[in-house]
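Have a look at the sequence and the model, then read on.

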Amino acid sequence: MTTMELNAELFRQLSIIAEDESLMRKAVKAVTRLAKQKETEDTEYIGKEEILKGIDAGLKEMVERKHSGNKAKTLEELINEL
């Protein structure tokens, strides 16, 4: 089924129960729950391990630069690259 066909089918089914307030409330709850689930799936979170790995990599890079004598790029240089 295409999105348009699914949309039409949803409205067809809702029209069947439109006069029953109890069933309409259940339908609204179900659709609301699905919408919240979709929002949750769309939201990405960085896990604790990822944060710690990033910090670890940054610290290792700082130590390596210190030992090699290489200077990091300035903020101005980074902005100019963009």
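Of the 82 residues in this predicted model, 1% count as buried, where buried means under 20% relative accessible area, exposed over 50% and partly exposed in between (1.4 Å probe, protein chains only).

The protein has four helices and zero strands, in the order α-α-α-α from the N terminus. Helices here are DSSP runs of H or I with at least four residues, strands are E runs of at least two, and both are numbered from the N terminus.

Some values for the whole protein:

| Property | Value |
|---|---|
| Radius of gyration | 27 Å |
| Span of the C-alpha trace along its principal axes | about 75 × 30 × 25 Å |

A compact globule of 82 residues would have a radius of gyration near 12 Å; the radius is taken over C-alpha atoms, and the globule rule is 2.2 Å times the number of residues to the power 0.38.

What about Met 62? Met 62 sits in helix H3 (residues 48-68) and is exposed, with a relative accessible area of 57%.

Residues are numbered from 1 along each chain as its sequence is written. Local features need pLDDT of at least 70, side-chain atom pairs count only at pLDDT 80 or more, totals for chains, interfaces and linings use all residues, and side-chain values use heavy atoms, leaving out hydrogens and water.
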